[in-house]
Amino acid sequence: MPTVHFTDAEGAVRDVQGNPGDSVMETAVRNGVPGIVAECGGSLSCATCHVFVRQDCLSKLPPMEDMEDEMLYGTAVDREGNSRLSCQVRLTDELELFVTTPETQV
Amino acid sequence: MGTSVAAPTEQTATEHVPAAQAAAVAAAPADSSTRTGLLIIGASQSGVQLAVSLRALGFDEHITLLGDEDHRPYQRPALSKEFLQGTVESESLIFRSNEYWAEHNVDLVKGEYIVRIDKEADGSGVAHSSSGRQFPFKRLALTVGARARKLEIEGGGLGGVLYLRNADDALALKARVGDAQDVVVIGGGFIGLEAASSLQKMGKNVTVLEFGPRLVGRAVGEETAEYFLQAHRARGLDIRLSTSAKRFTAGAGGADDGGAVAGVELQDGTVLPAQIVLVGIGVIPNTQLAEQLGLAVDNGIVVDRFALASDGSTVAIGDCANMPNPVPGSQPGERIRLESVNNAIEHAKVAAYSLTGRREEYAGIPWFWSNQADLKLQIAGLCNGYDQTVLRRDGERGKFSVLYYRLGRVIAADCVNAPLDFMAVKNALAKGHNIPAGAAADPATPPQDDHHGQLTALRQ
């Protein structure tokens, strides 16, 4: 089972197991990970599921599409080079993902 | 106007049980021998958010989250889009795992329809369901949403005349889609256009009938309505404005199609073939329980700025609530009922504060989205009362947005395939900044706010 390690802005870590095919956002929301809001439920409309992906995991992810790229300019905490919208990142069996959630999403 | 009330907080809801209620509790079935701290009636977006927000605020009383559907609480927006098209699993629409509710001391009750509530002056009471169960509570939240407005014309009861408000509606529609070739969608609002786009993508021959002279009613401005009309027609949707259905006709054949819709007769006598008619002509807020409780009702359950109903103790939030307009700069006394995910969430947060004894007003700018075919509409703010618009159109990239102004200040924007524009306006509104009309006119550069927002800088 793929595992996502969520670190919040204060440094607290939460490990959540997810299902292959689910997005990181879905995995977080279903288990009540506090740093993910995801108002639009994954339809790429709100930019409230912003995460920072640990550098060594970043290269394992498929590149982002233009719409995600544009939405990332509207996040509550400024985007960084390792920013992604977690609704667009899907779990695979091989993927062990380390992400940090921003201080705020709205 | 918001009623000024000294609402009881959780601290005032003591263990004292009035005699009449004690008797009711004693007589109740086993499942209701204990009172829940908060009974939330309605297990959709706002009800779920209320429970979640309360736990985040440290509310430690038992919560019962009660819904009348036989599904775990799920997200609705996908019903007319990804779910209908079969591109998402129903499981991924579920808000929270069962483990989450168990860990957070929330009882999820499915399939119970509350028909009557007895309530005491201190805010406590007992809710009675149609199956005879009783749900005693200390505090009550009404997150009862809205129901689809019915089209009462001849043939309205035929099989295949469908609505799309909840998961069962979506499942009924999906079950019929396979056999249908022709679909008539009645109503050119968001639900109608989203479903029409989905059905067209699934290979159906789709006609949209809109009673009004333009699409999407008052939710967007004239330019945006026209944009959607042209865009959908260019994509092959047959859209007929200022047109209404006179009656639905049944099939003439044998037992196979007896009782099923076969066509839609228009006022001018034209008959359109239809094996499915999907009606999306708006919703009516569910106020029956509020009326029975004697709460003030006027196009929804009337609440104050803190989501408290007129009794000062019940909270009512989301689609069912009529609240003071939360947008900064709105007219004093102006009231509004908002049907959106964003409002369900923000209003729930306001109510969560009220239920924990705090007073926090609505924060944030209302926003909406609608995905139709490859058109992603995002709306920031409310465009009521605008006196100027600025149109931004980048034909090459399919981007389109309209910014709305009142007295020189930006108040809202409709943005299609233009997230940067949407984000710029939403952020400017949230921060109280302006985007001067002159600085928004060039579609090649993002709208620039008067504090030189970071959007522009970042994009360089």
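Glu70(A) forms a salt bridge with Lys399(B), and the closest N and O atoms of the two are 2.9 Å apart; a salt bridge here is a side-chain nitrogen of Lys or Arg within 4 Å of a carboxyl oxygen of Asp or Glu. The model is predicted, with local features needing pLDDT of at least 70 and side-chain atom pairs counting only at pLDDT 80 or more, while totals for chains, interfaces and linings use all residues. Residues are numbered from 1 along each chain as its sequence is written, chains are lettered from A and ligands numbered from 1 in the order in which they are written, and side-chain values use heavy atoms, with hydrogens and water left out.

Across the interface of chain B and chain A the rule finds one salt bridge, together with ten residue pairs in polar contact, both residues at pLDDT 80 or more. A polar contact is a pair of N or O atoms within 3.5 Å; within protein, one must be able to donate a hydrogen and the other to accept it, and residues adjacent in sequence count only if both atoms are side-chain atoms. The elements of chain B that give two or more residues to the side touching chain A are helix H9 (341–355), strand E21 (367–372), strand E22 (375–381), helix H10 (419–431) and helix H11 (454–459), where helices (H or I, at least four residues) and strands (E, at least two) are DSSP runs numbered from the N terminus. The largest share of this side, five residues, comes from H10(B).

In total, 30 residues of chain B are in contact with 19 residues of chain A, contact meaning heavy atoms within 4.5 Å. The two chains bury about 2200 Å² between them, 53% of it on carbon and sulfur atoms; buried area is the accessible area (1.4 Å probe) that two parts lose on being put together, summed over both.

Helix H9(B) can also be considered within its own chain. H9(B) is followed by Gly357(B), whose phi is positive, near 85°.

Another helix, H6(B), has among its buried residues Leu193(B), Ser197(B) and Ser198(B), and just after H6(B) the residue Gly203(B) takes a positive phi of about 95°. Gln85(B), placed in helix H3 (residues 82–85) of chain B, touches Ser198(B), Lys201(B) and Met202(B), not counting residues up to four places away in sequence. The side chains of Gln85(B) and Ser198(B) are joined by a polar contact of 2.9 Å, and Gln85(B) counts as partly exposed at 24% relative accessibility.

Over all chains, a search of the whole structure finds 25 salt bridges. In one of them Arg165(B) pairs with Asp319(B), the closest N and O atoms being 2.9 Å apart. This pair links distant parts of the chain, with Arg165(B) in the loop between strand E8 (161–163) and helix H5 (167–177) and Asp319(B) in the loop between strand E18 (315–316) and strand E19 (321–324), 154 residues apart. Asp319(B) is buried, with a relative accessible area of 14%, whereas Arg165(B) counts as partly exposed at 23%.

Notes: Buried means under 20% relative accessible area, exposed over 50%, partly exposed in between (1.4 Å probe, protein chains only).
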